[in-house]
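Colleague: Please take one part of this model and go through it closely. I want a single spot and its surroundings, in plain terms.

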Amino acid sequence: MNSIMWAGVIFSLRQELMVVVIILVLLVMKVRAAEYRAEVIMGVVNLLLLVNLIVGFMGTSPDDTVLFSGMFHTNRLIALEKNMLNLGTLIISLQAYDWLKGHRHVPEFYMLLLATLTGFFFMISAGNLLMFYLGLELSSIPLAALASFDLEKRQASEGAMKFILSAAFSSALLLFGISLLYGATGTLDFGVLSQRLDGSPFQLFAFILVLSGFAFKISAVPFHLWTADVYEGSPVTVTAYLSVISKGAVFFVFIQVLYTVFKPLAINWYRILILLSVLSMTVGNLFALRQVRLKRLLAFSSIAQSGFILAGIIGSSRSGEASVIYFILIYIFSNLGAFGVVALISAQTGKETIDDYKGLYANNKVLSWVMAISLFSLAGIPPTAGFFGKFFLLLAGAGKGNYVYIGIAALNMVVSLYYYLRVIKAIFMDRPEQPIGKLAIPLLPNIAFVVCVAGIMVTGLVGWVYDYIYSLSSGF
């Protein structure tokens with residue numbers, strides 16, 4: 001009986017344990033670093049991440065599997081969310097080939113990266129605010145080190161310092177809010193906590209602190225001030241991870257906490273989220289219009305995308321939860337496709353501005369089309385998946401009947417077209433005196449590009465993807 005019980009525990013923790021195994025393998029390889037080239041280390045990590053992806057799709061009970069007195073729980077939807085993050089991490093690892101192949105600290109990079117992924121996994125499976133906070137901190141601290149991984153660049157150190165300060169401040173708000181909730185209810189358990197919330201002013205204050213901590217993590221306006229500087233100072237690979245994997249993980253937890261723990265306070269957080277959503281969409285788009293550097297443009301684009309994701313959460317329904325998870329899947333493919341092009345060009349030429357991309361199509365047709373398809377998807381232009389993702393988000397948001405808000409969101413989609421098309425115009429239509437020459441696309445980034453483009457098209461045109469996510473969702 002004990003062996004069967006432990007087998008069940010190991011199976012429920014298979015994704016977390018697999019990431020820990022990869023870290024242990026890296027530690028062993030680091031001890032014998034002189035015998036392993038960077039390409040070998042990258043190959044081992046990519047292979048094991050692929051194995052973890054396959055393992056993650058192995059059968060899971062449709063009902064919650066609860067471990068450690070409710071601290072940890074998992075089901076098919078949670079396993080799918082972890083698989084999405086694992087897939088995104090694998091794509092980022094493939095795209096990092098050009099940058100990492102000559103780097104001296106490849107094992108350290110992957111150890112930090114996988115430590116954050118482990119934290120995200122435990123955070124998503126948390127059934128208790130204490131477990132959630134521990135997972136959040138396990139992911140945040142290594143991310144600060146990753147942001148300054150280019151040690152010789154002053155801008156990287158500046159960005160890392162801003163990230164550490166903002167992460168510390170947001171964590172302090174979260175921890176203070178959690179402490180007040182514990183004082184008001186006497187519990188940290190998600191299920192019990194929701195039963196003891198009555199909407200008193202003290203509880204509302206605690207909730208606002210927790211919500212502010214989440215808003216920092218998802219870069220919602222006005223808690224976004226750290227985002228552009230950190231994204232620009234970090235290596236492109238780390239910027240992609242911050243923009244996609246980190247933000248996706250926090251949104252997975254955010255919707256779960258709102259729909260379960262803070263369900264009794266739905267009237268209050270509905271109004272707050274509308275304000276955050278409108279501000280994020282509008283401010284993100286307006287600031288993106290002024291950017292000349294692609295990393296800053298994509299940073300403000302990610303802020304605007306957070307506003308659209310909040311639109312789905314506001315729907316407070318099963319379709320709202322499904323639309324958020326579906327859009328994050330699309331966002332992984334779309335944003336990583338764009339960041340993959342930026343990473344490859346930056347690694348080989350050091351160029352990162354929109355003007356540098358003028359005439360890119362003349363010598364680099366594959367990179368140009370990958371960038372174009374990715375930006376079309378981020379803008380929500382059919383038939384790319386981004387169109388269907390935003391359609392389902394706005395459809396879920398319209399379920400509350402707030403059509404003025406949906407109209408503002410639709411107008412922001414139109415505004416975002418300008419800065420996305422500005423990049424595409426530079427690539428395909430502008431003719432500089434010295435365009436970027438022909439760039440070699442190594443095998444691993446090439447595989448990543450194929451996965452991103454295929455994901456952008458398939459997730460939009462194949463209807464069962466959304467239907468499958470909807471079938472797993474429990475809703476509000």
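**A close look at T185**

Modeller: Leaving out neighbours within four places in sequence, T185 is in contact (heavy atoms within 4.5 Å) with L193, R196, L197 and Q203. A word on the source: this is a predicted model, where local features need pLDDT of at least 70 and side-chain atom pairs count only at pLDDT 80 or more, while totals for chains, interfaces and linings use all residues. Residues are numbered from 1 along each chain as its sequence is written, and side-chain values use heavy atoms, with hydrogens and water left out.

T185 belongs to helix α8, residues 154–185. Helices here are DSSP runs of H or I, at least four residues, numbered from the N terminus. T185 has a relative accessible area of 8%, so it is buried (under 20%, with a 1.4 Å probe and protein chains only). The T185 side chain also has a polar atom 2.7 Å from the backbone oxygen of L181. That is a polar contact: N or O atoms within 3.5 Å, one able to donate a hydrogen and the other to accept it, with residues adjacent in sequence counting only if both atoms are side-chain atoms.

Now the helix itself. α8 has 32 residues, and its end C-alpha atoms are 46 Å apart. G186 follows α8, with a positive phi near 80°.

Next comes T187, in the loop between α8 and α9 (190–195). T187 is also buried, at 11% relative accessible area. A polar atom of its side chain lies 3.1 Å from the backbone nitrogen of D189. Beyond four places in sequence, T187 touches L181, Y182, V192, L193 and R196. L193 and R196 are also among the contacts of T185.

Beyond four places in sequence, F262 is in contact with L181, L197, F207, V210, V257 and W269. F262 is one of the residues that touch the most other members of the largest nonpolar core, which has 168 residues. Such a core is a set of buried Ala, Val, Leu, Ile, Met, Phe, Trp, Tyr and Cys residues joined through side-chain atoms within 4.5 Å. In soluble globular proteins, nonpolar side chains tend to be buried together.

Finally, a distance for scale. The C-alpha atoms of T185 and F387 are separated by 43 Å, and the two residues are 202 apart along the chain.

How values were computed:
Helix = DSSP H or I, 4+ residues; strand = E, 2+ residues; numbered from the N terminus. Buried < 20%, exposed > 50% of the residue type's maximum accessible area, 1.4 Å probe, protein only. Expected span 1.5 Å × (residues − 1).
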